[in-house]
Amino acid sequence: LYYLRHDDAKRAQVEFTQALACLPQATSATFLSTNEPQRREAKLHNHIAQSAMRSAPAPMPLQEIQNMFVTATRLDSTQPDIWNNMGLLYLSANRFQGAETVFLPIVQSFPDYLDVLNNMGLAYVGRLGAGPEATKCFQAVILKDPEHIEAMNNYGVTLIQQQEFRYAVAILEKALAIDDTHGYVWNNLAVGYMALG
């Protein structure tokens, strides 16, 4: 996870693959519950697919990464992170309806998993534009977590697309008051300021 969090996806993929190869030995050496080995294997497949998706300069083909996520869900279908990552894969490939199909049951089953609700809003933006469906998702996330920077940014961008520039600038400024280290928020705030004149 260290390498994945520090944007070294190729190294993360190698490390997760090695961990997956060691899993049978680790499982036989410990007393795990009957589901625990499968959960661990599912998490490793999920992390390998995540790493493959983020590898630069060229990630693996979409179908190969999707197959990794499918393998992970077959091992443990109860982990919403795996499903969320599969939805993100579809978002990255501009398959917005596929992403919605993945995100919707997660949103319904895990209403407090705010990253999925935020991602659902992105899927709506991709398929329908900056309309009320996307706005509702971003607003719901912000209501539950007033410091969710990504949702605030996405809501700000949606407001810019709706030509609600003053509101967009206000929400983006609020996001930066919480955490000013996100360059994409600064970029979007600049767009809002330019639109205001």
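What share of the 197 residues in the protein is buried? Buried residues make up 41%, where buried means under 20% relative accessible area, exposed over 50% and partly exposed in between (1.4 Å probe, protein chains only).

This is a predicted model, so local features need pLDDT of at least 70 and side-chain atom pairs pLDDT 80 or more, while totals for chains, interfaces and linings use all residues. Residues are numbered from 1 along each chain as its sequence is written, and side-chain values use heavy atoms, with hydrogens and water left out.

View 1. Helices (H or I, at least four residues) and strands (E, at least two) are DSSP runs, numbered from the N terminus.

**View 2. Helix α8 covers residues 132-144.** Its 13 residues reach 18 Å from first C-alpha to last, close to the 18 Å expected at 1.5 Å a residue; that expectation is 1.5 Å times one less than the number of residues. Buried here are Ala134, Thr135, Cys137, Phe138, Val141 and Ile142. They sit on the same side of α8 because they cover an arc of only 160° around the axis, taken from the directions from the helix axis to the C-beta atoms.

**View 3. The buried residues of α8 pack against α7 (114-128), α9 (149-161) and α10 (165-178).** Contact means heavy atoms within 4.5 Å.

**View 4. Aspartate 76 lies in the loop between α4 (62-75) and α5 (80-92).** At 8% relative accessibility, aspartate 76 counts as buried. Its side chain makes a 2.9 Å polar contact with that of glutamine 79 (N or O atoms within 3.5 Å; within protein, one able to donate a hydrogen and the other to accept it, with residues adjacent in sequence counting only if both atoms are side-chain atoms).
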